[in-house]
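Subject: Structure handover

Hello,

I am passing on the structure below. My notes on what was found in it follow.

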Amino acid sequence: MTTLMFILGIVVFAVGLLASIAWHELGHLSTAKLFGIRVPQYMVGFGPTIFSRRKGETEYGVKAVPFGGYIRMIGMFPPGEDGRITARSTSPWRGMIEDARSAAYEELQPGDETRMFYTRKPWKRVIVMFAGPFMNLVLAIGLFLTLLMGFGIQQQTTTVSSVSPCVIAQSENRDDCKKSDPQSPAAAAGMKAGDKIVAFGGVRTEKWDTLSDLIRDSAGKEVAIVVDRGGQEVTLHAKIATNQVAKKDAAGTYVQGEYVKAGFLGFSAATGVVKQDLGESVTWMTDRVGDAVDSLIALPAKIPALWDAAFGDGPREADSPMGIVGAARVTGEIATLDIPASQQLAMFVGLLAGFNLSLFLFNMLPLLPLDGGHIAGALWESLRRNTAKVLRRPDPGPFDVAKLMPVAYVVAGIFVCFTILVLIADVVNPVRIS
């Protein structure tokens, strides 16, 4: 049964992956057709074609390897300087450029001269190339909102998990009480495990962050605390102690290894699944985007540890880069967890949302062959043409993105090597959710 659930989890991830890729390519396809660019192919996956059907001028299909997708647009690059499409040279770099150029004209038909990608204004090309990653961003936001507002996320609540018998500075990192340690305010007030704090100092709240801030701001004060105990509200009275507690940053996150003097009640908050409102969801998603950007920037620095995890004895860190195989494996593990099905579904939704957010950020890098590279080329062309217009100089014409193809091959080679490294690490030393 466990093996079956593991396989089912992988299948669910594969379906979600294909849907995300198809959604991405749909953004390119719809905007390309909107601007009159001819699109001969719309494909999900790579390799041999499993299924395809032609509708109008476009062939729609699914290929065997579900690791990507593409649409084929006519005339991605302008003709060469001599006006020919298939100019050749003995230079290997020139050969790369002209191979890419000729591929963009393979299916050129009579009447396509005005339907080629490069003939569209730069702002239209930007929209076409941005539409794909934007679709992933829209899907990520929708999935995150479903997770946050529909299922909820695991976080601290206002319910008491345990009561500290004494006041201990958190920097001391100990649980045992000494005779010199004063009794905690929570213990002195008669607070018990299972109590749910519903009001503190006259302020009613169901949010842990709000309660935590109220406690921290009440050092030395006598405070009335209303708790729900077995369905009845009981009022307790406590004098809040001053203690050394973990520092919080502006986002309310605890800062590792830093402490401040603040109010201290003396209990541990239970964790639970808590649904978020729209404002809290937006704040949470904004923080996750920031985390994703930081992770993308830090990616090169994580390669040595990833190499050690794949080929040495190094541990696989929880924040280690993970590929499609690793994500599928994690989804399989989620399906085998002994937790309610709703929580399994919530974890899958969160994983798929994070995957789509990563696709958006990765594709926006201003490097060919990524969408961001084509966007950068169109923006550069617009800048050149507008500058020439202001200075009353001749129009420099379209920017030949094909000339950057040697760089694109280098970038693609680096991505392939990194993907293989991540794949090996995912197989021999995978990230585990446990």
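I begin with a surface feature: helix α11 gives the most residues, three, to a nonpolar patch. The patch consists of Phe46, Val65, Phe67, Val325, Leu423, Val427 and Val428, and together these residues have about 570 Å² of accessible area. Valine 427 is in helix α11 and has a relative accessible area of 49%, so it counts as partly exposed.

Some background on how to read this. The model is predicted, so local features need pLDDT of at least 70 and side-chain atom pairs count only at pLDDT 80 or more, while totals for chains, interfaces and linings use all residues. Residues are numbered from 1 along each chain as its sequence is written, and side-chain values use heavy atoms, with hydrogens and water left out.

The terms used so far are these. A patch takes residues with over 30% relative accessible area and no salt bridge, joining like charges within 9 Å and nonpolar side chains (Val, Leu, Ile, Met, Phe, Trp, Tyr) within 5 Å. Areas are from the Shrake-Rupley method with a 1.4 Å probe, and for residues only the protein chains shown count as cover. Buried is under 20% relative accessible area, exposed is over 50%, and partly exposed is in between (1.4 Å probe, protein chains only). Helices (H or I, at least four residues) and strands (E, at least two) are DSSP runs numbered from the N terminus.

Helix α3 has 30 residues (122-151), and its end C-alpha atoms are 42 Å apart, which agrees with the 44 Å it should span at 1.5 Å a residue. That expected span is 1.5 Å times one less than the number of residues. α3 bends by about 40° at alanine 131, and proline 133 follows within four residues; the bend is the angle between axes fitted to the seven residues ending there and the seven starting there. Glycine 152 follows the helix and has a positive phi, near 95°.

Last, the charged pairs. There are ten salt bridges, each a side-chain nitrogen of Lys or Arg within 4 Å of a carboxyl oxygen of Asp or Glu.

- Arginine 115 pairs with glutamate 57, with the closest N and O atoms 2.8 Å apart. Arginine 115 is in the loop between α2 (92-103) and α3, and glutamate 57 is in the loop between β1 and β2, 58 residues apart.
- Glutamate 233 and arginine 204 meet at 2.9 Å, N to O. This pair links strand β7 (residues 232-239) to strand β5 (residues 203-204). Arginine 204 is exposed, at 54% relative accessibility.
- Aspartate 395 pairs with arginine 385, with the closest N and O atoms 3.0 Å apart. Aspartate 395 is exposed, at 53%, whereas arginine 385 is partly exposed, at 27%.

Arg385 and Asp395 also belong to a network of salt bridges with Arg125 and Glu381.

Regards
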